[in-house]
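Dear colleague,

I am passing on the structure below, together with notes on what turned up when I went through it. Please read the notes with the model open beside you.

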Amino acid sequence: MLILGAAAYSTPLIWTICTSLKTNEEIAHEPNRLLPHRVTLENFPAAWHALPFVNYVVNTLFVTLCCTLATVFSAALVAYGFARFKFRGRNTLFFLMLATMMLPSQVTMIPVFLLWKQVHAIDTYLPLTVPSLFGGAFNIFLLRQFFMGIPRELDEAMLLDGCGYFGIWRRLILPLSTPALIAVVLFTFIGSWDNFEGPLIYLSNPDNYTLSIGLDLFHDQYSTNQGQLMAATLVHIVPMLALFLVAQKFFIRGANLSGLGGR
């Protein structure tokens, strides 16, 4: 059943790959076949040079790396505070943080846009990267659950050795939490790489466009050229797919331990 389900969900990806390897004549041929009769790679360079995709990829990598690093650092630090320190109102603050997950982004879209407009940050990458410094409720929750599964006796042993709380976080908690951190990296990287709404709202200069906006422009201009359109789509998909395939073992382990290992 799992194999059949995976095959069904993989059909759009397989169709995209096969279409990108076909000529326009074969795509227009009736009846249309899934596998190409003659494999061609001409769609990839044609799509790549149709728009400045190099610039889009560089912009997307910059935004994605900034968001990923900022999210992992801030989420791990806040999760460490919730998991290891006892202070008045800790549970209340934690539940308030979780409550933000129930607030749709569409509700805050206009007020947040007006705030960024007041500080003259429109058409910059600040609105796309600075919010990552707040970690994100889901990432903090996931890391907190993982941190709570690490024995506190290890913290006490390092305190006796003269290590401070920040040193414990850096030298003990983070190295032992690699699977959970990789899960957060994957979630953040894929979400930032595939982000369309943020760049669409805040970016107006074509030189600052990300890959998702560039792909939408390509669709508007070359929608009739299915081969090049699918080739451009693969440029957007392949990095995320490759990253997940490389780190899937850590991702699944981190997600499982974060959900079952907390107490």
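Phe138 is partly exposed, with a relative accessible area of 38%, on a scale where buried means under 20%, exposed over 50% and partly exposed in between, computed with a 1.4 Å probe on protein chains only. Before going further, please note that this is a predicted model, in which local features need pLDDT of at least 70 and side-chain atom pairs count only at pLDDT 80 or more, while totals for chains, interfaces and linings use all residues. Residues are numbered from 1 along each chain as its sequence is written, and side-chain values use heavy atoms, with hydrogens and water left out.

Aromatic pairs

Searching the whole structure gives 14 aromatic pairs, where rings of Phe, Tyr and Trp (its six-membered ring) pair if their centres lie within 6.5 Å, and where planes under 30 degrees apart count as stacked, over 60 as edge-to-face and the rest as tilted. Phe138 and Phe187 form an edge-to-face pair, because their ring centres are 5.4 Å apart and their planes stand at 85 degrees. Since Phe138 belongs to helix H8 (residues 137-148) and Phe187 to helix H11 (residues 178-193), the pair ties together parts that are 49 residues apart in sequence; helices here (H or I, at least four residues) are DSSP runs, numbered from the N terminus. Elsewhere, Trp48, Phe53, Tyr56 and Phe218 are linked by ring pairs into a cluster.

Helix packing

Two packed helices are described by the angle between their axes and by the distance between those axes. The axes are lines fitted to C-alpha atoms, for helices over the stretch in contact, and the angles run from 0 to 180 degrees between N-to-C directions.

Helix H4 (residues 53-84) packs with H8 at an angle of about 50 degrees, their axes being 8 Å apart. The two are therefore oblique to each other, given that angles under 35 degrees count as roughly parallel, over 145 as roughly antiparallel, 65 to 115 as roughly perpendicular and the rest as oblique. The crossing of H4 and H8 is right-handed, which is the term used if the near helix is turned clockwise from the far one by less than a right angle, left-handed being the anticlockwise case. On the H4 side the residues that meet H8 are Thr71, Ala75, Ala76, Val78, Ala79, Tyr80, Phe82, Ala83 and Arg84, and on the H8 side they are Asn139, Ile140, Leu143, Arg144, Phe147 and Met148, with contact taken as heavy atoms within 4.5 Å. Sorted by class, this contact has 11 nonpolar, 2 polar and 2 charged residues, where Ala, Val, Leu, Ile, Met, Phe, Trp, Tyr, Cys and Pro count as nonpolar, Asp, Glu, Lys and Arg as charged, and the others, Gly among them, as polar.

Helix H9 (residues 152-160) and helix H10 (residues 165-176) pack at about 140 degrees, with 10 Å between their axes, and that angle makes H9 oblique to H10. H9 passes H10 in a right-handed crossing. Leu154, Asp155, Met158 and Leu159 of H9 make the contact with Tyr165, Ile168, Arg171, Leu172, Ile173 and Leu176 of H10, and these residues divide into 8 nonpolar, no polar and 2 charged.

Individual residues

Ser192, which is placed in H11, counts as buried at 14% relative accessibility. Leaving aside neighbours within four places in sequence, Ser192 is in contact with Val63, Thr64 and Cys67.

Tyr222 lies in the loop between helix H13 (211-221) and helix H14 (226-260) and is partly exposed at 26% relative accessibility. With neighbours within four places set aside in the same way, Tyr222 is in contact with Ala50, Gln228 and Leu229. The C-alpha atoms of Tyr222 and Ala47 are separated by 9.1 Å, although the two residues are 175 apart along the chain.

The loop between helix H6 (105-118) and helix H7 (126-129) holds His120, and Asp123 is found in the loop between H6 and H7 as well. His120 has a positive phi of about 60 degrees although it is not a glycine, and Asp123, also a residue other than glycine, has a positive phi near 65 degrees. His120 counts as exposed at 72% relative accessibility, whereas Asp123 is partly exposed at 23%.
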